[in-house]
Amino acid sequence: MALKLNLQAVYIPERLADDFENIKKYPLTVIEAPSGFGKTTALTEFFAGKCFSGARILKRTFFTQSVVDCWQWLCEALSGTDRICAETLERCGVPSDENMSDIREAMGELECESDTYIILDNLLGTAEGMDMLLAALSCHCAGRLHIVASVQSVSEKNSFRIHSGGRAYYIGSEEFVFSREDLRRYFKAAGIVLTEPELTELDAITGGWIFAAYLQLMFYAKNKRFEKGILNSLIE
């Protein structure tokens with residue numbers, strides 16, 4: 001019996017799902033992968049889990065790379081958790097070498113009485129000042145607060161890792177790349193069972209990039225074959 005097509009199916013590799021479980025254990029999780037690797041989709045799927053039904057989840061997808069905008073939103077998000085701390089952080093201003101000690105002190109006193117997850121999505125880690133902001137996010141000591149920063153890339157210095165002192169968990173782009181078996185399961189979840197030659201062809205064309213796999217899925221559902229041409233033709 002043929003499977004029913006579901007071209008909007010979401011498939012999260014098991015290893016990535018296991019990695020995401022660490023979000024619950026660390027003050028800060030930094031997820032780094034270029035656009036089209038499925039970061040936002042994976043985060044949405046993860047936080048849709050039943051275990052988060054009683055948690056407070058605050059998420060913002062940024063379409064500006066202004067660190068000032070990110071910091072202001074973070075302070076607003078924290079105001080519902082600890083208003084005094086949020087006001088202190090707002091007065092400190094955007095994290096820098098000059099005020100990091102004050103921010104670290106304020107973050108160390110932050111209180112959070114209920115399970116809270118703050119998600120800053122679609123950041124550009126190479127933006128001016130972003131590395132210091134990421135470092136600041138890991139400074140809090142509230143056990144029930146967990147911050148997630150999803151970034152397209154981080155600076156080569158990666159100084160946030162140095163400043164965080166092991167308090168930040170890192171998930172890189174390699175965890176988002178689909179293996180051959182992942183591609184098989186993704187297409188099956190969408191209602192398409194691939195032959196071995198088709199799977200080999202798909203793997204070679206996409207290189208495990210989920211956005212490319214999604215476009216090939218759309219094309220295959222209509223034409224019963226893959227598009228070997230340039231990616232731009234599929235996007236169009």
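A crossing of two helices is right-handed if the near helix is turned clockwise from the far one by less than a right angle. The model described here is predicted.

## Overall picture

The protein chain holds 11 helices and 5 strands. Its C-alpha trace spans about 60 × 35 × 30 Å along the principal axes. The chain has 236 residues, and 47% of them are buried.

Two packed pairs of helices are set out here, starting with H8 and H9.

Helix H8 covers residues 180–189, and helix H9 covers residues 196–206. The two pack at an angle of about 110°. Their axes are 10 Å apart. Angles of 65 to 115 degrees count as roughly perpendicular, and H8 and H9 are therefore roughly perpendicular to each other. H8 passes H9 in a right-handed crossing. On the H8 side, the contact is made by Arg180, Leu183, Arg184 and Phe187. On the H9 side, the residues are Glu196, Leu199, Thr200, Leu202, Asp203 and Thr206. By class, the residues of this contact are 4 nonpolar, 2 polar and 4 charged.

The second pair is H5 and H6. H6 runs over residues 130–137, and H5 over residues 100–108. H5 and H6 pack at an angle of about 30°, and their axes are 10 Å apart. Angles under 35 degrees count as roughly parallel, so H5 and H6 are roughly parallel to each other. Here too the crossing of H5 past H6 is right-handed. Met100, Ile103 and Met107 in H5 meet Met132, Ala135, Ala136 and Leu137 in H6. What classes of residue does the contact of H5 with H6 have? The contact has 7 nonpolar residues, with no polar and no charged ones.

Gly108 is found in helix H5. The residue is partly exposed, with a relative accessible area of 35%. Gly108 and Ser138 are 30 residues apart along the chain, and their C-alpha atoms are separated by 9.8 Å. Leaving out residues up to four places away in sequence, Gly108 touches Cys139 and Cys141.

Ile147 lies in strand E4, which covers residues 145–154. Is Ile147 buried or exposed? At 1% relative accessibility, Ile147 counts as buried. Again leaving out residues up to four places away in sequence, Ile147 touches Pro27, Leu28, Thr29, Ile118, Leu120, Leu137 and His140. Leu137 is also one of the H6 residues that H5 meets. Val30 is 117 residues from Ile147 in sequence, yet the two are 8.6 Å apart in space, C-alpha to C-alpha.

How many disulfides does a search of the whole structure find? The count is 0. A disulfide needs two cysteine sulfur atoms within 2.5 Å. For Cys85, the closest cysteine sulfur is in Cys75, at 8.4 Å, so the pair is too far apart for a bond. Cys92 is in no disulfide either, and its nearest cysteine sulfur, that of Cys75, is 8.6 Å away. Cys85 counts as buried at 6% relative accessibility. Cys92 counts as partly exposed at 23%.

## Positive phi values

Most residues other than glycine have a negative phi. Phi of Asn122 is near 70°, and phi of Lys224 is near 60°. Where do they sit? Asn122 is found in strand E3, residues 116–125. Lys224 is in the loop between helix H10 (210–223) and helix H11 (231–235). Their accessibility is given in the table.

## Accessibility at a glance

| Residue | Relative accessibility | Class |
|---|---|---|
| Ile147 | 1% | buried |
| Cys85 | 6% | buried |
| Asn122 | 17% | buried |
| Cys92 | 23% | partly exposed |
| Gly108 | 35% | partly exposed |
| Lys224 | 56% | exposed |

Notes
Residues are numbered from 1 along each chain as its sequence is written. This is a predicted model: local features need pLDDT of at least 70, side-chain atom pairs count only at pLDDT 80 or more; totals for chains, interfaces and linings use all residues. Side-chain values use heavy atoms; hydrogens and water are left out. Axes are lines fitted to C-alpha atoms, for helices over the stretch in contact, and angles run from 0 to 180 degrees between N-to-C directions. Helices (H or I, at least four residues) and strands (E, at least two) are DSSP runs, numbered from the N terminus. Angles under 35 degrees count as roughly parallel, over 145 as roughly antiparallel, 65 to 115 as roughly perpendicular and the rest as oblique. Contact means heavy atoms within 4.5 Å. Ala, Val, Leu, Ile, Met, Phe, Trp, Tyr, Cys and Pro count as nonpolar, Asp, Glu, Lys and Arg as charged, and the others, Gly among them, as polar. Buried means under 20% relative accessible area, exposed over 50%, partly exposed in between (1.4 Å probe, protein chains only).
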